[in-house]
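Please read it beside the sequence and the model displayed below.

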Amino acid sequence: MASTPDPSSSLINLVQSLSHVITYADSSNVDTNRKLWDNYARDWVCPFPSSIPNLLQFPPLGTHSNLRFELILHTFESTDADWVVKMVQNLADTKNTAVSDYLHLLGEEWSDKLSFQQVLEDFFWPNLRETFVVAELGSGGGRVASRVVHHVKELHCYDISREMLKKAESAVNASLNVQGAAQVTTKFEYLQTPRFPSSATSQYDFVYAFDVFPHVDLHTQWRYYQEFARVLKPGARAIIHTANLEAPEGWDRFSQQDKYSVGGFYFMVPSMVLTLVAKAGLQVVSTSIDVKEVMGRERRSNIYYNRDFMVLVRKASLSSISDPLNEQPS
Ligand SMILES: C[S@@+](CC[C@H](N)C(=O)[O-])C[C@H]1O[C@@H](n2cnc3c(N)ncnc32)[C@H](O)[C@@H]1O
């Protein structure tokens, strides 16, 4: 008896026969990031919800061995409690710390605490003032925002992932409640495209993107560098953070990657970053390479300096005295 043709195999045959004339449209880097991070945030489970009030406490700084942590390609995988605990157990400075004391927020599984704390000390605290209106691009679960919010007057968190924005908002609010913060205004805003609102032109005293551009392609990064130049006040500063092929742990990681994916890293080298920075009309204030040199042994094991490249930039200003860091509150 003759069997009935399977409609799906006819379709496959048709597609195969046309394959030489079909081109597939790439989904944009922004859309793919959005899907990845929405899923990550939706599935993320805090293994220790009761520890959230300890949010601002860092463990004492102990010995810090070289970080052997590799971000597992978690693209579209579940970020459930067991997975998160495993990520944390791979971090260098969890050896003498209970995981429950360590992890409070989405994102704290991405690096050891000491590296993160050093970045806050080197790049954030010296550049913030209580009078500042600040923007974070790619605020994720609020790991940075929930700390920064205590140092500024206004904090605007932007992200392309609505699910991440919900996490950031609850993390920032929890942090403000615990600390009994004074008058801080916060805003959490969804970005459909790589562009801040038109009303943001020359509005910000400080802008930062931390742990965002390692997942973002070159052209999208370039759009944001220009956006930073647009939204900063004259003389104001910003932090740009990218993956670095020339850094030792950057190279290790690159050589283990078969191809770029948003769950992996998009690698840059410092000269590319510095070229785009200059083309965007921004000036370099300092870089993670300078910080490592000055701070020596203390920063030897910092994952963000050994794998990535961070640059503090400044928007040019016509007046040499226009520096928001030195302005007195009116
Ligand atoms: C690894 S998380 C970092 C989150 C946070 N900055 C931190 O350090 O904890 C990356 C974040 O960047 C956001 N992101 C990715 N691509 C983006 C883009 N093109 N524009 C804005 N945000 C983006 C993601 O949605 C995610 O929240």
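Of the contacts in the protein chain between residues at least 6 apart in sequence, 76% link residues at least 24 apart; two residues are in contact if their C-beta atoms, placed from the backbone, lie within 7 Å. This is a predicted model, in which local features need pLDDT of at least 70 and side-chain atom pairs count only at pLDDT 80 or more, while totals for chains, interfaces and linings use all residues. Residues are numbered from 1 along each chain as its sequence is written.

**Overall fold and confidence**

- The protein chain contains 12 helices and eight strands, where helices (H or I, at least four residues) and strands (E, at least two) are DSSP runs numbered from the N terminus.
- Of its 330 residues, 39% count as buried; a residue is buried if 20 or more other C-beta atoms lie within 10 Å of its own, exposed if 12 or fewer, and partly exposed in between, with C-beta atoms placed from the backbone.
- The mean pLDDT of the protein chain is 83, with 73% of residues at 70 or more; pLDDT is the predictor's confidence in each residue, from 0 to 100.
- Over residues 51-78 the pLDDT is below 50, and this stretch has 53 contacts in the model beyond near neighbours in sequence.

**Nonpolar core**

- The largest nonpolar core comprises 64 residues, and Val134, Phe206, Val207, Ala209, Ala238, Ile239 and Ile240 have the most contacts inside it.
- Such a core is a set of buried Ala, Val, Leu, Ile, Met, Phe, Trp, Tyr and Cys residues joined through C-beta atoms within 7 Å.
- Strand E5 gives the most to this core, contributing six residues.
- Leaving aside residues up to four places away in sequence, Ile240 touches Ala209, Phe213, Tyr225, Val273, Val277, Val311 and Val313.

**Helix H9**

- Helix H9 (residues 248-256) has Glu249, Gly250 and Arg253 as its buried residues.
- Viewed down the axis of H9, these residues fall within an arc of 105°, so they line one face of the helix; the arc is that of the directions from the helix axis to the C-beta atoms.
- Pro248 and Ser255 are exposed residues on the face of H9 turned away from the buried side.
- The buried residues of H9 pack against strand E5 (232-244), strand E6 (267-268), helix H12 (303-306) and strand E8 (308-315).

**Ligand shell**

- Among the 23 residues around the ligand, Trp37, Gly107, Gly138, Gly140 and Arg143 come nearest; a residue is near a molecule if its C-beta atom, placed from the backbone, lies within 6 Å of it.
- Helix H2 (residues 29-43) gives the most to this shell, with three residues.
- The shell divides into 11 nonpolar, nine polar and three charged residues; Ala, Val, Leu, Ile, Met, Phe, Trp, Tyr, Cys and Pro count as nonpolar, Asp, Glu, Lys and Arg as charged, and the others, Gly among them, as polar.

**Individual residues**

- Most residues other than glycine have a negative phi.
- Ser202 has a positive phi, near 55°, and is found in the loop between strand E3 (185-190) and strand E4 (204-209).
- Ser202 counts as exposed because it has 12 C-beta neighbours inside 10 Å.
- Asp211 also has a positive phi, near 65°, and lies in the loop between E4 and helix H8 (218-231).
- Asp211 counts as partly exposed, with 19 C-beta neighbours inside 10 Å.
- Trp222 is placed in helix H8 and, with 17 C-beta neighbours inside 10 Å, counts as partly exposed.
- Trp222 and Val273 are 51 residues apart in sequence and 9.0 Å apart in space, C-alpha to C-alpha.
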